[in-house]
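Please have the sequence and the structure open while reading.

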Amino acid sequence: MHHLSIPEMTCGHCVSAVEKAVKSVDSNAKVAVNLEAKTASIDSQADSEAFVAAIEDAGYKASFAKSCCSHVA
């Protein structure tokens with residue numbers, strides 16, 4: 001599972017563009033974009049960097065989101 005932060009998303013068009021970018025890397029990926037949180041969760045075996053590059057090629061800055069559960073021992 002890949003968790004990305006996409007801070008420049010502001011509307012439904014942005015969500016569609018991000019989803020399309022993700023599908024360009026892996027057409028079978030399951031993607032959940034949260035406009036309010038400005039994040040995308042992607043269930044795929046493809047490389048995380050490929051998703052970041054595709055989203056950036058679509059015109060949005062993307063980075064790896066900090067996991068909410070990374071502090072769990």
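The side chain of His-2 reaches the backbone oxygen of Ala-46 at 2.9 Å. The model is predicted.

- His-2 lies in strand E1, which covers residues 2-5.
- His-2 counts as buried because its relative accessibility is 10%, and buried means under 20%.
- Leaving out residues up to four places away in sequence, His-2 touches Ala-40, Ser-41, Ile-42, Ser-44, Ala-46, Asp-47, Ser-48 and Phe-51.
- Between His-2 and Glu-49 there is a separation of 47 residues in sequence, and their C-alpha atoms are 9.8 Å apart in space.

**Helices H1 and H2**

- Two packed helices are described by the angle between their axes and the distance between the axes.
- Helix H1 spans residues 12-25 and helix H2 spans residues 48-57. Their axes come within 8 Å and cross at roughly 135°.
- H1 and H2 are therefore oblique to each other, since an angle over 145 degrees would count as roughly antiparallel and 65 to 115 as roughly perpendicular.
- The crossing of the two helices, H1 and H2, is right-handed.

**Residues between the helices**

- On the H1 side, the contact is made by Val-18, Ala-21, Val-22, Ser-24 and Val-25.
- On the H2 side, Ala-50, Phe-51, Ala-54 and Ile-55 take part.
- Of the residues in the contact of H1 with H2, eight are nonpolar, one is polar and none is charged.
- Phe-51 belongs to the H2 side of this contact and is also among the residues that His-2 touches.

Note on methods: Residues numbered from 1 in each chain as written. Predicted model: local features only at pLDDT ≥ 70, side-chain atom pairs only at ≥ 80, totals over all residues. Heavy atoms only, no water. Helix = DSSP H or I, 4+ residues; strand = E, 2+ residues; numbered from the N terminus. Buried < 20%, exposed > 50% of the residue type's maximum accessible area, 1.4 Å probe, protein only. Contact = heavy atoms within 4.5 Å. Polar contact = N/O pair within 3.5 Å; in protein donor to acceptor, adjacent residues only side chain to side chain. Axes fitted to C-alpha atoms, helices over the stretch in contact; angles between N-to-C directions. Parallel < 35°, antiparallel > 145°, perpendicular 65-115°, else oblique. Left-handed = near helix turned anticlockwise from the far one by under 90°. Nonpolar A, V, L, I, M, F, W, Y, C, P; charged D, E, K, R; others polar.
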